[in-house]
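User: I am new to this model. Please pick one part of it and take me through that part closely, with the cut-offs for any term you use.

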Amino acid sequence: MAIVRLLMVVIGVPAILFGLLFIGQGTGLVRWPQTSFMIDDYSWAIRGAILAVGGALMVAFGGRLGR
C-alpha cells in the first residue's frame with residue numbers, strides 16, 4: 001500500500017504544477033515559451049484547472065491511504 005501512496009503523490013505533484021502552468025498560459029499570465037499555442041486560449045486554462053484539481057486529489061488521497 002505504501003507504493004500506491006507514494007505513486008499517487010509522485011504523480012499528483014507534477015499534475016498540480018503542469019495544471020498551474022496550463023492555467024497561466026491559457027489566461028496569458030505566463031508567456032513562456034513565446035511560441036506556445038496555449039497562450040491566451042482559455043480552453044487550456046480550463047484543462048489546467050481540471051488537471052490541478054485532479055493532482056491535488058491524488059496528493060490528498062495518497063496521504064490518507066497510509067493512515
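Analyst: **Along the first helix**

Beyond its neighbours within four places in sequence, I16 touches A52, G55, A56 and V59 (contact: heavy atoms within 4.5 Å). This is a predicted model: local features need pLDDT of at least 70, side-chain atom pairs need 80 or more, and totals for chains, interfaces and linings use all residues. Numbering starts from 1 along each chain as its sequence is written, and side-chain values use heavy atoms, without hydrogens or water.

I16 sits in helix α1. Helices are DSSP runs (H or I, at least four residues), numbered from the N terminus. The C-alpha of I16 lies 9.6 Å from that of L57. Along the chain, I16 and L57 are 41 residues apart. I16 counts as partly exposed because its relative accessibility is 24%. The scale: buried is under 20% relative accessible area, exposed is over 50%, partly exposed is in between (1.4 Å probe, protein chains only).

Now the helix itself. α1 covers residues 2–27. It has 26 residues and reaches 37 Å from first C-alpha to last. That is close to the expected 38 Å, taken as 1.5 Å times one less than the number of residues.

Which residues of α1 are buried? They are M8, G12, A15, G19, F22, G24, Q25 and G26. An α-helix has 3.6 residues a turn, so residues three or four places apart point the same way. L7 also belongs to α1. L7 is partly exposed because its relative accessibility is 44%.

Next, Q25, another residue of α1. Why does Q25 count as buried? Its relative accessible area is 4%, so Q25 falls in the buried class. Its side chain comes to 2.3 Å from the backbone oxygen of W32. That is a polar contact: N or O atoms within 3.5 Å, one able to donate a hydrogen and the other to accept it, with adjacent residues counted only if both atoms are side-chain atoms. Leaving aside neighbours within four places, Q25 also meets V30, P33, S36, M38, I39 and D40.

Just after α1, G28 has a positive phi of about 85°.

S36 lies in the loop between α1 and α2, the latter being residues 42–65. S36 is buried because its relative accessible area is 16%. The side chain of S36 reaches the backbone nitrogen of M38 at 3.2 Å.

D40 pairs with R31 in a salt bridge. The term means a side-chain nitrogen of Lys or Arg within 4 Å of a carboxyl oxygen of Asp or Glu. The closest N and O atoms of D40 and R31 are 2.9 Å apart. A search of the whole structure finds one salt bridge. D40 is partly exposed because its relative accessibility is 43%. R31 is partly exposed too, because its relative accessible area is 48%.

Methods
Helices (H or I, at least four residues) and strands (E, at least two) are DSSP runs, numbered from the N terminus.
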